[in-house]
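Hi everyone, thanks for coming.

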Amino acid sequence: MRRGGWVAVAIVLVSIAAIVRTGMRNQASPSGDGFWLEVGRELEVVTDDEDNSGQMLRFVLPTDSSRARRVVMPAVRFEDVGMATPAADSGRLPLARAAGVVLALDSVAVSAATKDGKPTSRLTIVAVGADPAALRARYPDPGRFLVVGAVIGARRDSSGVRLLLQELQPWVLHLPTELPLRTWAMVRTGAGGIPFIAATRR
Amino acid sequence: MEAQRRADRIRAFREELVELEHELGSLLSPPDRTRVEAYHDGLLAELRQSHDIATSAAEQQLSLGMRIASLVGTVTLCAAVVLFFYRYWGRLLTPAQIGVLTAGPLIGLGLTEFAARRERTLYFAVLAAGVSFAAFALALTAIGGIYNLPSSPVAYLALGAFALVLAGSYGIGLLLAVAVVCLTIFLVGALTMLSGASWSEFPSVPELSLLAGLLWVLGAVVRPPARPGFAETIAEVGALFAALALLVLGLERDQSLLPLSRGVVEGFYVVVGIVAAVGGIALGLRRQWTLLQTGSTGFLVLLLFAKAFDWWWQWMPRYLFFLVLGLMAVVTMVALNRFRRRTRTAR
């Protein structure tokens, strides 16, 4: 093989090794409490014709639109996520930025009615901040709160400029093949601040 | 590429000589004719041997067909590899998933080397290299997904470096274009992230794409790569980034980072767009980079028409609007024609 081919081999191996190392270091945290979520309610199985593995579980949050998974957050202030407050009527909106959100199960909605025959998600956003590590310090109980990375953007509508959750990072959690798909999945935040599914139970 | 051009020139010379002799009578003495023909035949045989070039019009048409088939084959095989993996990965344990994903690009690299040794035209090598690239992109995405890692511009750095190395080693222009796209996304995404925003917001900062695109064009002109055709590819992809950014900046007034009023920003970027388009046309003509020249002309027309729609569609009667557009097209044609005449005089 010519020299460039060997360099390409090295790029592949180094890149994949870096990703695997980051992932494994994140998940090499001590066992303990995790955040139990109900599959089919707070987590939905992502399936399509091409990926029928049942290994992808997506967070389900109450949204203001059935088309997009964007969540408007009227109670959050721009300075909470390190953004300058833009003019309400015109001008450039601030760019979306990486932040963190704290998720919890809404105790009021535990017995919430079903929607279209399906149980509604009880996940709710209890806090948003620019620094996920600071959020983890403020909400230390991993059994009650889950801190997840997020992308927070701004949207202008008739009522002014509002913040919205554009994306959870990750929106979709990978269920390792080693774990069977059951009714409950325990999500734990790893040493690198990245959530992962650590266990499942009936 | 250079070998094919030489062969084309020989074929054109022979055809023109036949025409000339038909009109003016015999021009070469029999010994001279024999020498020229023998020299050209030997040269063509040598080029065919070393570069597998097309030496007739029919062969050239077949070569074009092979190139198109190679491109279509690359795209469809890439899709097949990605979809096949997602179809069956649920049956593998995590270590096996990672093993399969790692093996994919490596097998692709082996096939690329094998194909490059077997055929000089590189049609199959392009296909194998494309599949290898797709397998590498799949590996980065899927392994990142296995560990729930957030997306990062660094993945584009790895992909860009991989494509660049393959393009340079095997002389594959398509992968060079892919490398320029990936490295631009990395650069612009990383700069966006440094500004505090999410890196995926980079399309909302078109000035960065404009800057990156112009830098690629400048690099291709000032320090062109030694391999024939590579400078042209780099300049064309860079110009595409710059053109898209200028279109957004010229039409979407709120997209600029410049601390100026909306009207000033709009006018500024329309002028920059026109100047850049004229520069692209001139550069394309000077270097004989046909796609750059054609693309710049298309961009100029598109920009002018889009601005005309933006400015006048609402208040002008429709007949007048289309009349103005028609006149603009005529003015563009006249300007290009003058430019062409001046170029011819300069030669």
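Let's start in chain B: the axes of helix H4 (residues 94-118) of chain B and helix H5 (residues 123-146) of chain B come within 8 Å and cross at roughly 165°. Axes here are lines fitted to C-alpha atoms, for helices over the stretch in contact, with angles from 0 to 180 degrees between N-to-C directions. Helices (H or I, at least four residues) and strands (E, at least two) are DSSP runs, numbered from the N terminus. So H4(B) and H5(B) are roughly antiparallel to each other, a label that goes to angles over 145 degrees. The residues of that contact split into 19 nonpolar, seven polar and no charged. Nonpolar means Ala, Val, Leu, Ile, Met, Phe, Trp, Tyr, Cys and Pro; charged means Asp, Glu, Lys and Arg; the others, Gly among them, are polar.

Before I go on, a word on what you're seeing: this is a predicted model, where local features need pLDDT of at least 70 and side-chain atom pairs count only at pLDDT 80 or more, while totals for chains, interfaces and linings use all residues. Residues are numbered from 1 along each chain as its sequence is written, and chains are lettered from A and ligands numbered from 1 in the order in which they are written.

Now, chain A. Its secondary structure comes to two helices and 13 strands. Take strand S9 (residues 146-157) of chain A and strand S10 (residues 160-169) of chain A: they pair antiparallel over nine bridges, where pairing needs at least two bridges found by DSSP. A hairpin of two residues joins S9(A) to S10(A), and A:Gly153 sits opposite A:Leu164 in S10(A). S10(A) also runs antiparallel to strand S4 (residues 71-72) of chain A, with two bridges; there, A:Val71 has A:Leu165 as its bridge partner.

How many residues does each chain bring to the contact between them? Chain B gives 38 and chain A gives 41, counting residues whose C-beta atoms, placed from the backbone, lie within 7 Å. On the chain B side, helix H3 (57-88), H4, H5 and helix H6 (154-170) each supply at least two residues. By class, that side has 23 nonpolar, 11 polar and four charged residues.

Technical notes
Parallel < 35°, antiparallel > 145°, perpendicular 65-115°, else oblique. Contact = placed C-beta atoms within 7 Å.
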